[in-house]
Amino acid sequence: MDFNFSEEQIAIRDTARDFAQNEIAPTTIERDIKAEFPFEIVKKLGEFGFMGMMVPPEWGGAGFDTISYVLAMEEISKVDASCGVIMSVNNSLVCYGINHWVPMSRKKGF
């Protein structure tokens with residue numbers, strides 16, 4: 001069994017790291033002080049595919065694997081835990097439900 005990351009996983013990790021350091025970090029403290037929601041950052045996370053990482057591409061998601069999701073989450077959360085939580089909730093709670101229930105509803109004819 002090969003426990004090394006794939007080239008795609010490394011690219012996703014590096015993209016998340018660069019985004020976190022260059023786009024999130026410069027405004028983290030100011031947003032915390034002002035208690036502001038990071039609307040623009042969340043929009044950009046979505047543009048990178050980080051808000052629907054394991055959703056199939058035919059449903060508008062990125063179609064990445066779980067390891068890629070964890071690597072991206074780690075990089076975003078290291079810089080700003082609140083952005084990591086937003087990303088996590090969308091991927092884990094919202095997208096999981098869609099991934100799980102939509103196919104089942106189609107099988108049952110709903």
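How exposed is Arg17, in terms of relative accessible area? In this predicted model, Arg17 is partly exposed, at a relative accessible area of 28%.

The side chain of Arg17 forms a salt bridge with that of Asp14, at 3.7 Å from N to O. Both residues belong to helix α1 (residues 7-24), where they stand 3 residues apart, about one turn of the helix. Asp14 is likewise partly exposed, with 29% relative accessibility.

An α-helix has 3.6 residues a turn, so residues three or four places apart point the same way.

The whole structure contains 7 salt bridges. One of them joins the side chains of Glu30 and Lys34, at 3.0 Å from N to O. These two residues are 4 residues apart in helix α2 (residues 28-34), a separation of about one helical turn. Glu30 is partly exposed at 42%, and Lys34 is partly exposed at 49%.

In helix α4 (residues 66-79), Lys78 and Glu75 are 3 residues apart, and their side chains meet in a salt bridge of 3.2 Å, N to O. Lys78 is exposed, at 57% relative accessibility, whereas Glu75 is buried, with a relative accessible area of 4%. Through shared partners, salt bridges link Arg13, Asp14, Arg17, Glu75 and Lys78 into one network.

Helix α3 spans residues 39-47, and its buried residues are Ile41, Val42 and Leu45. Viewed down the axis of α3, these buried residues fall within an arc of 100 degrees, so they line one face of the helix. Phe39, Glu40, Lys43 and Glu47 are exposed on the other side.

After α3 comes Gly49, which has a positive phi, near 90 degrees.

Definitions and conventions
Residues are numbered from 1 along each chain as its sequence is written. This is a predicted model: local features need pLDDT of at least 70, side-chain atom pairs count only at pLDDT 80 or more; totals for chains, interfaces and linings use all residues. Side-chain values use heavy atoms; hydrogens and water are left out. Buried means under 20% relative accessible area, exposed over 50%, partly exposed in between (1.4 Å probe, protein chains only). The arc is that of the directions from the helix axis to the C-beta atoms. A salt bridge is a side-chain nitrogen of Lys or Arg within 4 Å of a carboxyl oxygen of Asp or Glu.
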